Structures are given as structure tokens and as C-alpha cells.
Amino acid sequence: MKGISLLAVILVFSFYSCNQQPESNPRERISLNEGWKFFKYNSLEEADNLIYDVRPETRENLDKREADAMPVEAESLVATKLILKPWILPTGNRFLADTSKWHTRPEGNPGKDFIFVQHNFDDSSWSDVNLPHDWAVAGPFIQGNDPLVGGSMGRLPSPGVAWYRKKLDIPESDTGKSIFLDVDGAMSYAMVWLNGHLVGGWPYGYSSWRVDLTPYLQPGGENLLAIRLDNPPLSSRWYPGAGLYRNVWLTKVNPIHVAQWGTFVTARNISDASATIDVEVTIDNMTDRDTKVKAQTHIYLIDNDGNISSDAIAVIKPFVNRIEPGKSARFKSWAEIKNPKLWGPYPTQTPHLYLAVTDLYSNGNHVDRYETRFGIRSLEFDPEKGLFVNGERIYFQGANQHHDLGALGAAFNARAAERQLEILREAGVNAIRMAHNPPAPELLELTDKMGFLVVNEIFDVWERRKAPRDFHLIFPDWHEQDLRSLIRRDRNHPSVIIWSYGNEVGEQYTGEEGAQLSMRLNNIIKEEDVTRPTTASMNFAKPHMPMPATMDIISLNYQGEGIRIHPGYDHLQGIRTHPLYPDFQKAFPDKMIISSENAAALSTRGEYLFPVTSYISAPVSTGIGGDPVNQIVCGYELYTANYGSSADRVFAAKEQHPYVAGGFVWSGWDYLGEPTPYYGARSTYFGIVDLAGFKKNRFYLYQSHWRPDHPMAHILPHWNWPSRIGLVTPVHVFTSGDEAELFLNGVSLGRKKKGPYEYRLRWDDVVYQPGELKVVAWKNGVQWAKNSIKTTGVPTRLTAVADRNVINADGTDLSFITISVTDKDGLVVPIAKNPIVFTITGPAEIVATDNGDPTDMTPFPSHQRNAFNGYALVILRSKNGETGDVTLTARSENLEVSTITLKTAK
């Protein structure tokens with residue numbers, strides 16, 4: 001068979017209220033985000049001894065490690081003290097296919113006498129926090145040489161041991177129910193006590209997981225929940241975040257209920273006229289008796305505003321089966337939908353969604369309702385033509401995204417994530433690769449709704465380590481549980497089209513041994529979901545090696561374009577690889593190829609260094625695109641990490657190899673940690689958008705290529721150069737047109753046309769004089785776009801603009817306010833770095849400020865922030881239940897004050 005053809009649907013997420021239904025829902029899902037007490041030990045030496053497992057002792061400096069260095073073998077460790085791992089491992093039993101390998105909980109109750117898990121402990125001196133909560137993002141940043149937390153982990157105090165406590169009100173009426181704690185993400189080594197009993201936990205900080213509270217609850221009495229987290233130092237090569245950084249829920253169900261993530265909806269025979277919908281439901285019988293259960297599923301249409309149709313458009317054929325006591329059973333049934341509305345990626349298709357409502361009945365009683373959103377779409381992965389969605393070829397114009405939200409850290413916020421996606425969409429991005437871990441569930445709700453394609457990735461390491469205490473320590477015990485739980489959680493999202501089970505793992509280097517592990521992971525995925533292909537991203541494995549044969553799709557990190565082989569890179573040490581797209585295509589003619597990471601280009605927004613390289617791509621070095629003293633990378637967008645290629649090189653490589661299905665730029669946004677090439681900084685230089693959400697020049701280079709029908713022209717650099725009068729100052733233009741003419745103070749500097757595999761127009765001999773640069777672009781001989789920049793005056797005022805002037809008064813909604821420093825004519829002064837002070841009145845608070853400068857060590861919660869090259873950002877959050885006018889004032893010495901008013905409303 002040529003390629004992989006998939007006809008599949010995906011759900012989106014399970015939620016638990018639907019007013020359109022005739023009966024009340026026996027299932028409750030209650031947010032536990034509010035009202036927690038929080039305590040963190042001052043140091044690891046002071047922490048308690050309730051450890052999950054022993055760890056290696058090391059002070060290895062991750063900041064000196066090349067990003068594409070070979071991972072190494074794990075150390076062997078022997079426990080010499082009591083560890084709690086045997087009590088935690090049973091939490092994952094449900095996700096081990098071989099029940100003979102299920103873990104048996106030992107006798108005993110470790111930690112029962114520890115004061116933090118006791119009802120009578122006085123936690124009034126602990127901090128009051130709401131979730132999601134990232135204990136480290138407030139800082140302060142850890143500076144200096146050889147710090148405990150270096151640049152690779154963002155210089156923020158994420159390592160440490162901390163506790164969260166919360167009292168649960170469980171009414172007497174809940175007696176007899178099954179009650180679960182559902183945690184969307186906890187960083188990391190989470191262990192849960194309820195009423196002094198160790199319930200269970202989960203070590204992988206990116207997984208979503210559940211523990212059963214039922215045996216330890218006291219309905220009608222006070223219930224004390226205590227969660228211990230342990231975030232090791234030297235455990236990540238980017239900022240991992242810290243704490244209960246995603247949502248936490250209490251789920252109440254009858255003993256007979258749909259299992260956790262217990263539905264799977266797929267589609268077949270998809271056409272304009274009809275589609276066959278298959279629904280698979282897993283049901284738990286947690287009673288002590290054999291029980292007959294009836295399951296009935298209705299399908300509803302969800303319109304573009306999120307409204308659910310009042311009438312079902314299809315009814316899944318019901319099934320009735322007996323389930324043994326204490327067991328689970330899986331059942332399948334189907335129905336046909338007429339004239340289906342397909343889910344498809346923006347902008348050429350519409351992401352239509354449906355709702356499946358599954359009701360369970362036992363002995364005539366309505367015992368459960370489980371609601372699942374899904375979308376219907378067909379996929380085909382062709383090795384020569386690429387991806388087809390609903391019969392339309394879709395080229396991957398993708399971006400890699402880390403999980404942090406800039407100044408908000410890892411604490412998930414739906415509006416902040418939506419803003420990131422909105423800005424990426426403006427550049428032409430249509431696909432997101434989750435790098436390199438499971439996302440928050442709500443992020444996939446957004447990609448479903450907004451029509452992004454998703455490569456859902458789970459592991460950055462397997463058994464060989466990249467950091468001394470990274471998740472290679474738990475991989476042998478937990479990889480199957482982590483992988484199966486991810487797939488069951490996310491397999492109903494229509495946006496998820498590929499499973500990636502590894503990124504640049506060390507097992508690329510271990511031949512057949514590594515390939516066998518890869519195949520095991522691949523097979524686990526296939527046991528859970530045959531509707532999507534699998535992949536793992538390779539930066540070392542070559543076509544003749546065994547690993548590439550183990551996956552469905554070939555995903556190459558940098559190897560397709562070639563690594564360290566272009567002119568200008570010859571002097572570098574490290575992996576050296578010629579362009580490998582042809583080699584892989586020849587070796588695997590039946591497999592689609594994607595560039596899962598490409599570019600790794602670097603820049604500091606608004607900063608420029610001279611002279612400018614004549615190459616179309618060059619590695620950053622001192623005097624060539626880089627200033628290590630000030631930790632600046634030149635913004636001409638020609639410079640890269642040692643293993644990378646400029647966007648121009650990447651575009652050319654794709655066009656020269658049209659069978660490549662597209663790829664994913666590294667990266668969409670700057671992110672905390674891994675600040676290549678200057679590890680004295682706090683955040684990376686890779687993004688086409690900086691950490692605050694301000695667009696770099698590179699954003700417009702991608703937009704010019706990815707949105708060819710969007711008239712645009714962008715000029716760089718800025719034109720405020722008092723020290724360069726009479727000096728050569730190159731001017732580059734990014735345009736979706738095919739030619740352009742540049743004017744300086746009304747005088748033409750020539751008209752240029754793009755040649756084959758050229759993506760920018762260069763006037764490299766422009767002599768600077770103040771005034772106006774203007775560009776006029778043409779396309780197919782017709783005037784297409786204009787743009788101009790001017791030398792500005794001195795800063796005179798501040799200007800504030802909000803992304804939204806009305807936000808929800810729910811305590812989570814945000815307004816992102818851009819503060820610009822302008823001259824008397826309203827032009828942004830592109831070199832302005834004025835200090836600004838912010839004050840606020842009304843029912844909102846300043847959560848964070850930023851400016852996109854990767855070297856700025858001002859703590860994010862600060863109400864003072866220097867502008868960086870003309871801009872600063874203020875993030876406001878509403879106060880829960882409080883409505884009214886909010887006024888933000890920005891002040892800077894000798895500048896006109898700026899005031900902006902917005903509203904919070906219910």
C-alpha cells in the first residue's frame with residue numbers, strides 16, 4: 001500500500017454539563033482550583049524524607065552541553081532508605097496491558113505520621129494559592145556563574161520540594177459514590193495523601209492522571225487532601241515549571257460508570273452524503289455484583305458559536321451487556337450521520353465539531369452520562385504528495401511550541417494559550433508540534449476549535465539521559481502507563497493527527513537495541529489507536545540504521561537541510577550531516593517525510609550588529625551576528641545555532657524536495673530556558689515571536705512565504721542610526737510579492753526581483769542617512785504592497801493598547817496590554833529602553849510584565865519594567881466575580897503618561 005490512508009474522527013475532550021439533555025447528569029466534575037494552602041522548603045537539605053526514589057548525586061553543568069549532543073547511558077542506583085515508589089506504582093496499573101505486571105500495593109501507610117498530612121496541623125502560615133500555580137515563575141531569577149539553576153532551566157527557582165493542602169467538603173449524600181482526584185499536570189513526582197492515607201501519585205510531570213479517593217473519604221466529615229511535589233535540580237534542559245500547574249478536578253460518579261477517558265469515536269466511509277460513526281465505550285463496574293448495563297449514545301451538532309443542537313442528529317445502536325463485579329468491559333456500536341460537517345484545518349476548511357452523549361442504565365436507573373466532543377475528518381499520508389485532509393493537500397506550515405506561557409510560566413491559562421495561537425496563525429502557521437511533552441488538555445480544545453493540526457509528542461528521553469535527573473529515571477517503570485494514558489486522553493481530538501513518542505532520544509545511537517525499544521513504544525500506540533500514524537524525531541539516525549524502520553512517518557530534525565555543512569559552518573565541531581531528504585526518500589519510498597524541527601535560527605528583537613554576513617545562513621559567533629558581552633543576536637535573521645539553518649535555507653530545501661510534506665520551525669515563540677547561544681540569559685532566542693508576544697523580523701519572513709496571497713512588505717532594520725551616518729547599513733525586505741523597489745528619502749535605490757529559491761530582497765550597499773525608507777512591492781507585474789519606516793524623534797509619550805477591552809470577571813481571563821514608546825508624531829521609537837512604572841485601579845490585577853528581552857532579569861510580577869526597543873507588555877487578570885472599569889496607568893520620567901480603561905464583565 002502506498003502511504004497510510006486513515007479515515008478517522010477524533011473527539012475533543014470530555015466535559016460534564018449539557019443543558020440540552022432531558023435528564024440530569026449523575027456525574028459531577030468539580031473544579032478544585034481555588035483555596036489551596038502552599039508551602040515550599042527553603043532548600044532540598046531541609047526537605048522531608050518522603051521520597052519517591054533515590055536519585056544520582058551530581059552538579060553537572062547543563063549550560064555547557066551542546067543542544068544536539070549525544071545523550072548518555074543512565075547511572076545504576078541502589079536505594080539505601082525507604083522509598084515510596086512501591087506505593088505509587090499501582091496508580092498506573094490500569095494502563096499496563098499485561099495484568100500479570102500490575103503492581104501490588106505493599107502493606108503499610110508511609111507518611112501517615114507526618115504532620116503535613118494530619119487534620120490538626122495548623123497551615124495558617126502557609127501561602128494561599130489558586131490553581132493552576134507555578135511556584136517558580138515569580139522568581140527571582142538566579143544570576144551569576146555556575147548557579148544552582150542555570151540558563152538551560154530558565155534561571156528560575158523551579159527545583160525543590162513543596163506541599164499543597166486543601167479541605168474537601170464531601171456531603172453525606174455522596175456515600176456509595178466513586179470519587180476521584182483528577183490532576184491535569186503536576187511537576188513532578190506527585191504523591192497524594194487523603195486523611196493521612198497515602199493514596200497514590202504519578203512521577204511524570206507532564207502526564208494527566210487520576211487517583212481513587214473513595215476508600216479514604218469520610219462523607220459528611222472533614223477530609224484533608226495533601227499533595228507532595230518534588231522537582232529535582234538538573235532535571236530538564238528547558239524551564240519545566242513547578243507545582244500544580246494545570247487544572248485539578250474532583251470527579252463523582254456512581255460505581256457503574258464510563259471509565260476514565262473511556263470513549264473512543266472513529267469514523268469510516270466518509271463522504272459528502274454520509275459517514276459511519278463507531279463508538280467504543282469502556283465501562284467500570286465497581287460494585288460487588290454482576291450487573292447488566294445498557295449504553296445509549298446520541299450525537300449532536302455543535303455550531304460555530306459552541307451551541308449544541310437541541311435534537312440528536314443520530315443515535316448509536318444501543319448495547320446491553322453484563323459486567324462482572326470489580327471488572328471493566330469494552331463495547332462497540334455504530335450509527336450513520338447524513339451529510340456530515342467535516343472537521344478541517346484553517347483557513348481552507350472549517351473545524352466542525354460534534355458531541356456524543358453516552359448514557360448508562362442499570363436496573364432501570366440512569367447511572368452515568370459521559371459527554372465527548374469529536375470531529376469527523378479523513379486523513380491520508382502520501383509519501384510523494386504529503387498530507388491530505390478531507391481530500392485536500394495540506395502542507396505543514398508548522399511551529400514547535402514549548403509548554404510555558406512566557407511571563408506566566410507553566411501555569412496554564414486558556415486565554416494566554418489562545419493568544420499564542422492567534423499570533424502564530426497570523427504568520428500562516430497551520431500546525432503545532434508539542435515539544436516535547438503532553439500539552440494541557442485545554443490547549444487541544446483550542447487547536448480543535450481553531451483548526452490547527454497537531455503532532456502530539458510525549459517523550460524527550462527514553463532510557464538514556466540528557467540531564468542527570470531527567471525523566472530517564474522513571475522511564476523503565478512508567479513509559480507504558482504514560483503513553484497509554486496520553487493516547488486515551490487525547491485520541492478523540494480531531495486536531496491530533498500524528499503521535500510522536502520521542503524526540504532526539506539517545507537510543508538513536510544504540511542500533512538494534514534502540515530500535516527494539518522504539519518498536520515497543522510504537523506497538524503500544526497501535527494497541528490504543530490505529531487511526532493515526534506514529535513517529536519519533538531523529539537528529540542522528542540515518543536511513544541505513546534500524547530505528548527509522550520502526551515508525552510510520554520519517555521525522556527529521558535538521559538533517560533534511562543538512563547540519564554544519566553550509567559555507568560558514570565548516571569550522572564547527574559536532575554532528576556533520578549532508579542533506580538527507582533524498583537518502584530517506586530512497587530508503588523509505590512508502591513513508592511520508594516531515595521536517596519535525598528546522599531552522600533553529602536566532603535573533604534578539606530589534607537589535608542589529610554590523611557588519612552583516614554575506615551568507616544566506618551563518619552560525620552565531622562573536623562579531624558575526626553575536627555579541628556575547630551584551631548577549632545579543634543580530635536581527636537580520638541570517639544567524640542560527642551551530643546545527644541550524646536560516647529560514648531562507650529551510651524554504652529552499654523544502655522547495656527542492658517537493659515530496660517533503662512540510663515542517664515545523666524551531667520555534668514559534670521564544671520560551672523560558674535553553675537560551676542558546678548565551679546561557680547567561682533567561683529565555684531562548686529561537687522564536688519568530690519573542691517571549692512577550694512581540695513579532696521579530698523573522699515573523700514577517702515566514703508570513704511572506706506562508707501567506708502568498710496576503711499583500712505585505714516588511715523593511716529591516718529600523719532607521720534610527722545617529723552613529724552610522726555615511727556608513728553602509730544593509731536594508732532587507734520581506735514581501736509576499738515577487739519584486740520590489742526601495743526608496744531612501746524619495747530616491748530610488750533600485751528595483752529587485754526574487755530569483756529561484758530566494759525569499760528576501762537585499763540592498764546590502766545602502767549608505768545610512770536619516771529620513772524615510774519606503775518600499776513598493778509588485779506581484780506578477782501588478783503593484784502589491786507598500787511600506788515605509790522613518791527616523792523618529794526622541795521619546796515623548798507612552799501609548800497603551802489592549803488586545804481586548806472587555807474581559808470575563810472569572811478570575812482567570814486576561815488582557816494583554818502593549819505599551820509603546822513614541823515620539824511627538826506617534827511613531828514608535830525603535831531604540832527606546834525607558835523605564836516604566838505601572839499602576840492599576842479597579843477589579844483586576846497586574847499578573848506580570850515583560851518586554852521580550854531575553855537578558856532582562858526583572859521578576860515577572862514587577863510593576864516596573866524597562867521598555868525594550870520601543871515596547872513593554874502588561875498582563876492584567878480579572879478578579880473573580882468583580883465587575884466594573886479597570887484603569888491601567890503607565891508612567892515614565894519625562895514622558896507623557898498613558899492611561900487605558902477596560903471592563904470586566906460577567
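In the predicted model, W36 touches S127, D128, V129, L131, Y164, R165, K166, L225, I227, L244 and V248, leaving aside residues up to four places away in sequence. W36 also belongs to the largest nonpolar core, which has 218 residues. Within this core, W36, L181, L213 and I283 touch the most other members. Helix 2, residues 414-427, supplies the largest share of the core, with six residues.

The second largest pocket was examined next. Its volume is about 1,400 Å³. The pocket is lined by 47 residues, and N93, R94, W102, D284 and S328 lie closest to its centre. Strand 12 gives the most, with seven residues. By class, the lining of the second largest pocket holds 18 nonpolar, twelve polar and 17 charged residues.

Helix 3 spans residues 441-450 and is mostly covered. Eight of its ten residues are buried. These are P441, E442, L443, L444, L446, T447, D448 and M450. In general, an α-helix has 3.6 residues a turn, so residues three or four places apart point the same way. Just after helix 3, G451 adopts a positive phi of about 80°.

How values were computed. Residues numbered from 1 in each chain as written. Predicted model: local features only at pLDDT ≥ 70, side-chain atom pairs only at ≥ 80, totals over all residues. Heavy atoms only, no water. Buried < 20%, exposed > 50% of the residue type's maximum accessible area, 1.4 Å probe, protein only. Helix = DSSP H or I, 4+ residues; strand = E, 2+ residues; numbered from the N terminus. Core = buried A, V, L, I, M, F, W, Y, C linked by side-chain atoms within 4.5 Å. Contact = heavy atoms within 4.5 Å. 1 Å grid on protein atoms, 1.4 Å probe; cavity = no way out; pocket = protein on both sides within 12 Å on 5 of 7 lines; lining within 4 Å. Points joined across faces, edges and corners; volume = space filled by probe spheres on them. Nonpolar A, V, L, I, M, F, W, Y, C, P; charged D, E, K, R; others polar.
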